Amino acid sequence: MSEQRPVGPLDSSQIPRFAGFATFARLPRIDEVPSADVAVVGVPFDSGVSYRPGARFGPSALREASRLLRPYHPGLDVSPFAEKQVVDAGDIAVNPFHIGEAIEKLQQEAEALTAGETKLVTVGGDHTIALPLLRAAAKKHGPVALLHFDAHLDTWDTYFGEPYTHGTPFRRAVEEGILDTSAVSHVGTRGPLYGKRDLEEDRRLGFGIVTSGDVLRRGIDETVDALRQRIGDRPLYVSVDIDVLDPAHAPGTGTPEAGGMTSRELLEILRGLRGLNLVGADVVELAPAYDHAEITAVAASHVAYDLVSLLALGRSA
């Protein structure tokens with residue numbers, strides 16, 4: 001925790017939630033405090049999508065939806081903004097016309113933001129951004145465990161011959177040796193695949209799979225126990241594609257699949273990670289053009305809030 005008492009969000013009893021700058025949860029900007037323990041940063045980039053574009057507008061939509069977040073989290077019994085200095089670090093502007101250049105710049109910026117003790121919760125943007133964020137995390141912590149919440153595997157090799165897309169980041173991460181392949185898992189996967197080989201190759205890369213159907217049949221507690229056993233005390237990165245939720249709970253995304261988890265299930269699984277060695281996280285694929293009444297943005301803002309709260313709680317002794 002920072003030596004100086006954390007600067008929290010604006011007081012909504014004094015300044016209406018719908019007024020003022022739309023920072024995450026109405027928190028201070030990174031340039032308004034001397035240091036930060038946790039930074040929420042946006043990456044408005046969606047040049048890696050394979051179907052519907054629009055996730056470049058995800059960071060701004062999530063910030064708007066986060067205006068209603070309150071400073072005490074009863075599910076985790078923590079006031080994250082009092083425990084740690086949490087800030088909004090703005091957006092990392094990357095080249096929308098050159099994926100390779102965008103990846104390199106994002107890695108550099110993530111490394112700079114985490115050069116001290118600051119941890120990132122990154123808001124995308126499409127899932128391409130997970131690769132440079134994992135590179136930055138692994139450079140600091142060594143190969144990391146991964147919990148990947150998604151309707152899709154995202155371990156395909158190429159799209160149209162291109163190796164860097166929103167469907168390929170975790171294959172590249174395994175190939176680069178930045179993941180601890182004894183502790184990598186997908187959660188919430190479902191829907192049609194190109195063939196059975198997709199699952200066989202994913203298994204060969206080291207991934208375990210907990211489908212959305214598994215969550216339904218096993219329940220939250222059994223799912224969390226299995227994930228915690230696989231992760232152990234390894235440094236953990238959590239990547240949440242909002243399409244892990246059923247389209248009823250998250251219509252505003254680029255590649256929706258029927259039969260997904262509820263927002264309640266996702267949040268409860270995340271809360272079950274309390275005390276693990278979380279070193280970074282992202283929330284991606286929020287595409288507000290396809291949203292209705294901010295359903296998806298609200299869900300994504302709560303996911304980000306839970307991730308910030310987990311980081312505020314820190315690792316169990």
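The model is a predicted one, in which local features need pLDDT of at least 70 and side-chain atom pairs count only at pLDDT 80 or more, while totals for chains, interfaces and linings use all residues. Residues are numbered from 1 along each chain as its sequence is written, and side-chain values use heavy atoms, with hydrogens and water left out.

**Helix α3 with helix α4**

- The axes of α3 (residues 99-113) and α4 (residues 130-141) come within 8 Å and cross at roughly 40 degrees; axes are lines fitted to C-alpha atoms, for helices over the stretch in contact, and angles run from 0 to 180 degrees between N-to-C directions.
- The crossing of α3 and α4 is right-handed, a term for a near helix turned clockwise from the far one by less than a right angle.
- On the α3 side, the contact (heavy atoms within 4.5 Å) is made by I103, E104, L106, Q107, A110 and E111, and on the α4 side by P132, L133, R135, A136 and K139.
- By class, this contact of α3 with α4 has six nonpolar, one polar and four charged residues; Ala, Val, Leu, Ile, Met, Phe, Trp, Tyr, Cys and Pro count as nonpolar, Asp, Glu, Lys and Arg as charged, and the others, Gly among them, as polar.
- Helices (H or I, at least four residues) and strands (E, at least two) are DSSP runs, numbered from the N terminus.

**Helix α8 with helix α9**

- Helix α8 (residues 220-231) and helix α9 (residues 263-271) have axes that come within 9 Å and cross at roughly 40 degrees.
- That angle makes α8 oblique to α9, and α8 passes α9 in a right-handed crossing.
- I220, T223, V224 and L227 of α8 meet E265, E268 and I269 of α9.
- The residues of this contact of α8 with α9 comprise four nonpolar, one polar and two charged.

**Helix α1 with helix α10**

- The axes of α1 and α10 (residues 295-313) come within 8 Å and cross at roughly 80 degrees, and α1 and α10 are therefore roughly perpendicular to each other.
- A61, L62 and A65 of α1 make the contact with A297, V298, A300, S301 and A304 of α10.
- The residues of the contact of α1 with α10 divide into seven nonpolar, one polar and no charged.

**Backbone features**

- Most residues other than glycine have a negative phi, and most peptide bonds are trans.
- G124 and G125 are joined by a cis peptide bond, with omega about 20 degrees; G125 is found in the loop between β3 (119-124) and α4.
- D77, a residue other than glycine, has a positive phi near 50 degrees, and D77 is found in the loop between α1 (58-65) and α2 (80-83).

Conventions. Angles under 35 degrees count as roughly parallel, over 145 as roughly antiparallel, 65 to 115 as roughly perpendicular and the rest as oblique.
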